[in-house]
Amino acid sequence: LGVILYTLLIGKPPFETSDVKTTYKRIKMNAYSFPDHIAISEPAKNLITKILNLDPTKRPSLDEMLEHPFFHTGSSIPKLLPASTLACPPSAAYVRQFMPSSLPSSEKQRLESTVPIQPGELKTANKGASNNFNNTEKIALKGQSEGPINPAKNMAKEEVKQKGNQAGTPAVWIKKWVDYSSKYGLGYLLSNGATGVFFNDSSKILLDAQGNRFEYIEKKMADKQDVVSSHTLTDYPKELQKKVTLLAHFRSYLEGDSKGKTAEAEKKEPEQVIKGNTPLVYVKKWMRTRHAIMFRLSNKIVQVNFEDHTEIILSSESREVTYVNKKGVRTTYPLTTALESTNVEMAKRLKYTKDILTPVSYTHLT
């Protein structure tokens with residue numbers, strides 16, 4: 001029970017290592033620790049420590065565990081979880097409902113920052129998962145290794161201050177994303193309100209902002225181009241049932257924190273509303289590296305979200321690069337001279353982006 005509780009709260013087993021013999025040695029020695037970068041309450045640590053006692057006679061009984069302060073912090077426990085948790089972890093907005101009102105706001109923020117836990121982090125021992133593309137189309141790399149990315153820490157900012165050359169700001173980009181490719185694929189929310197999923201079989205699905213029409217995109221063996229079919233949520237082929245259901249789950253999760261947007265904020269972005277039969281923008285390719293996640297959109301935008309909350313957005317049409325700093329401030333530069341900019345932080349990230357794109361791809365952008 002102690003191992004299960006630790007795993008549920010931390011995201012990996014307490015004794016796990018990359019080597020089986022070392023893992024067994026740690027189990028025998030009862031050698032484990034609580035990572036500093038994951039928020040966990042003192043009652044939780046206390047209960048785990050008591051259960052993981054080397055002396056069985058000193059471990060608490062089931063009744064004693066139920067009476068432990070960890071289960072009586074003033075927070076409520078939901079009787080049922082929403083159906084969306086079948087596809088992705090519960091959102092921060094959902095978790096917030098069950099937090100004790102007495103908990104300091106700073107502590108709530110720390111706890112919310114761990115939602116969702118990156119599914120890929122639970123599979124570090126799976127060598128087959130080291131290539132985290134899961135059969136997706138890949139952007140060519142130059143010897144870069146990949147690592148786990150925490151979606152909660154790498155969400156694109158929803159509310160940003162517009163500075164610099166606003167005319168160069170791309171019309172559509174990714175605002176939020178969640179990597180659940182360990183099971184289904186990558187879900188994302190675009191700045192125009194559309195929701196999409198890049199499935200592990202390389203097919204894609206995109207729902208418009210109104211939630212009425214969706215496009216299903218797949219590349220058949222005989223075709224070099226994507227084949228797009230358009231449907232409504234009330235009329236679509238039976239074989240798409242599972243993917244439409246997953247789309248709904250991803251949408252529910254990704255829009256969880258976006259419901260509080262005011263009407264005034266909505267009026268500020270009229271150009272981002274999808275109307276009529278306008279072709280929907282979707283993710284054509286994506287990849288992960290140790291420090292970032294990269295997306296190539298169908299509108300010829302390349303977007304790179306870094307672990308430190310900064311972003312680089314390259315537009316091949318406008319030949320411009322938009323940089324989003326840690327505070328969410330956007331600044332646009334000409335792509336041809338951006339590397340020589342006095343903005344050292346932007347230039348450093350742009351160089352990283354250039355290095356992980358193939359020379360041909362970057363030359364095409366400039």
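A salt bridge is taken here as a side-chain nitrogen of Lys or Arg lying within 4 Å of a carboxyl oxygen of Asp or Glu, and by this rule the count comes to nine salt bridges. The structure is a predicted model, in which local features need pLDDT of at least 70 and side-chain atom pairs count only at pLDDT 80 or more, whereas totals for chains, interfaces and linings use all residues. Residues are numbered from 1 along each chain as its sequence is written, and side-chain values use heavy atoms, with hydrogens and water left out.

Among these salt bridges is the one in which the side chains of D179 and R288 meet, at 2.5 Å from N to O. Since D179 belongs to strand β1 (residues 174-180) and R288 to strand β7 (residues 283-288), the pair ties together parts that are 109 residues apart in sequence; helices (H or I, at least four residues) and strands (E, at least two) are DSSP runs, numbered from the N terminus. Both D179 and R288 are buried, where buried means under 20% relative accessible area, exposed over 50%, and partly exposed in between (1.4 Å probe, protein chains only).

A further salt bridge is formed by E255 and R251, whose closest N and O atoms are 3.4 Å apart. In this pair E255 counts as buried, at 12% relative accessibility, while R251 is partly exposed, with a relative accessible area of 22%. R349 and E345 likewise form a salt bridge, with the closest N and O atoms 2.7 Å apart. These two residues, R349 and E345, are four residues apart in helix α9 (residues 344-356) and are therefore separated by about one helical turn. R349 counts as buried at 8% relative accessibility, and E345 as partly exposed at 34%. Salt bridges that share partners join D308, E345, K348 and R349 into one network.

Strand β3 (residues 195-199) is mostly covered, five of its five residues being buried. T195, V197 and F199 point one way from β3, whereas G196 and F198 point the other way, and all are buried. Strands are said to pair if DSSP finds at least two bridges between them. Strand β2 (residues 185-190) runs antiparallel to β3 and is joined to it by five bridges, with G187 having V197 as its bridge partner in β3. β2 and β3 form a hairpin with four residues between them, and G193 in the turn has a positive phi of about 95°. Strand β4 (residues 204-207) is also antiparallel to β3, with four bridges joining the two, and L206 in β4 stands opposite G196. In the hairpin of β3 and β4, which has four residues between the strands, S202 takes a positive phi near 75°.

In helix α3 (residues 42-51), the buried residues are A44, L47, I48 and I51. They cover an arc of only 95° around the axis, given by the directions from the helix axis to the C-beta atoms, which puts them on the same side of α3. These buried residues of α3 pack against α1 and α4 (62-66), a contact meaning heavy atoms within 4.5 Å. I4 is placed in helix α1 (residues 2-10), and L1, I4, L8 and L62 make a nonpolar surface patch of about 460 Å². Such patches are made of residues with over 30% relative accessible area and no salt bridge, nonpolar side chains (Val, Leu, Ile, Met, Phe, Trp, Tyr) being joined within 5 Å and like charges within 9 Å. Accessible areas come from the Shrake-Rupley method with a 1.4 Å probe, and for residues only the protein chains shown count as cover.
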